[in-house]
Amino acid sequence: MGLRNRSQKVELLRSVPLFTHLSKRHLDELAKHTEEHNVDAGSALINEGEPGRQLFIVVSGKARVTRQGKVLASLGPGDFIGEMALLDHKPSSASVVAEEPMLLLVVGSREFKPLLSSVPDLAESLLQTLAARLRAADAALTSE
Ligand code: CMP
């Protein structure tokens, strides 16, 4: 499980604002289903058009989301990345590249649905993210 033992990992997760309200049991579930990855600036996390393989939850650092070369968003701590392709099994909608060194929690495609079932607050946060992104996309369309 990398450099941290399970209880150190739970402490790391608890320090992420997105997870502070989770119960000990849910933090344990999250620790069990996720891996910590450090990536360098410039690392490609997702390539547009490829199948979805992982969900990333940003602990620190920033990533840039582009589609057909156009910047859609910059994502940071507490953001989800790669959820769309895992939810609908379609190709990744955009490319995502680390803009600075990042610490990520990574959830494999097979772990994704079991994790959402075992941590319902996480599923709710993910739905809130999708709603916020749809609002932003609607706002961008109507301000053109
Ligand atoms: P997915 O389609 O699996 O892979 C690319 C990811 O980029 C996508 O999931 C979202 O996590 C993210 N993404 C795509 N479009 C946007 C957007 N408009 N705003 C923020 N994030 C996005």
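**Note on the ligand site and selected residues**

1. In this structure, the space taken by the ligand is the largest pocket. A pocket is here an open set of points, on a 1 Å grid over the protein atoms alone, where a 1.4 Å probe fits and which has protein on both sides within 12 Å along at least five of seven lines; a molecule sits in a pocket if more than half of its atoms lie within 2 Å of its grid points. The model is a predicted one, in which local features need pLDDT of at least 70 and side-chain atom pairs count only at pLDDT 80 or more, whereas totals for chains, interfaces and linings use all residues. Residues are numbered from 1 along each chain as its sequence is written, and side-chain values use heavy atoms, with hydrogens and water left out.

2. There are 16 residues around the ligand, of which Gly82, Glu83, Ala85, Ser93 and Arg133 come nearest; a residue is counted as near if one of its heavy atoms lies within 4 Å of the molecule. By class, this shell has 11 nonpolar, 3 polar and 2 charged residues, where Ala, Val, Leu, Ile, Met, Phe, Trp, Tyr, Cys and Pro count as nonpolar, Asp, Glu, Lys and Arg as charged, and the others, Gly among them, as polar. At least two residues of the shell are supplied by each of β5 (70-75), β6 (80-81) and α3 (83-88); helices (H or I, at least four residues) and strands (E, at least two) are DSSP runs, numbered from the N terminus.

3. As for polar contacts, meaning pairs of N or O atoms within 3.5 Å, a polar backbone atom of Ala85 is 2.8 Å from an oxygen atom of the ligand, and a backbone N or O atom of Met84 lies 3.5 Å from a ligand oxygen atom. From the side chain of Arg133, an N or O atom is 3.3 Å from an oxygen atom of the ligand. Taken alone the ligand exposes 460 Å², and the protein buries 89% of that, by the Shrake-Rupley method with a 1.4 Å probe.

4. Most residues other than glycine have a negative phi.

5. His89 is placed in the loop between α3 and β7 (95-98) and counts as exposed at 63% relative accessibility.

Definitions and conventions:
A polar contact is a pair of N or O atoms within 3.5 Å; within protein, one must be able to donate a hydrogen and the other to accept it, and residues adjacent in sequence count only if both atoms are side-chain atoms. On a 1 Å grid over the protein atoms alone, a cavity is a set of points where a 1.4 Å probe fits but cannot get out, and a pocket is an open set with protein on both sides within 12 Å along at least five of seven lines; lining residues have an atom within 4 Å of a point. Buried means under 20% relative accessible area, exposed over 50%, partly exposed in between (1.4 Å probe, protein chains only).
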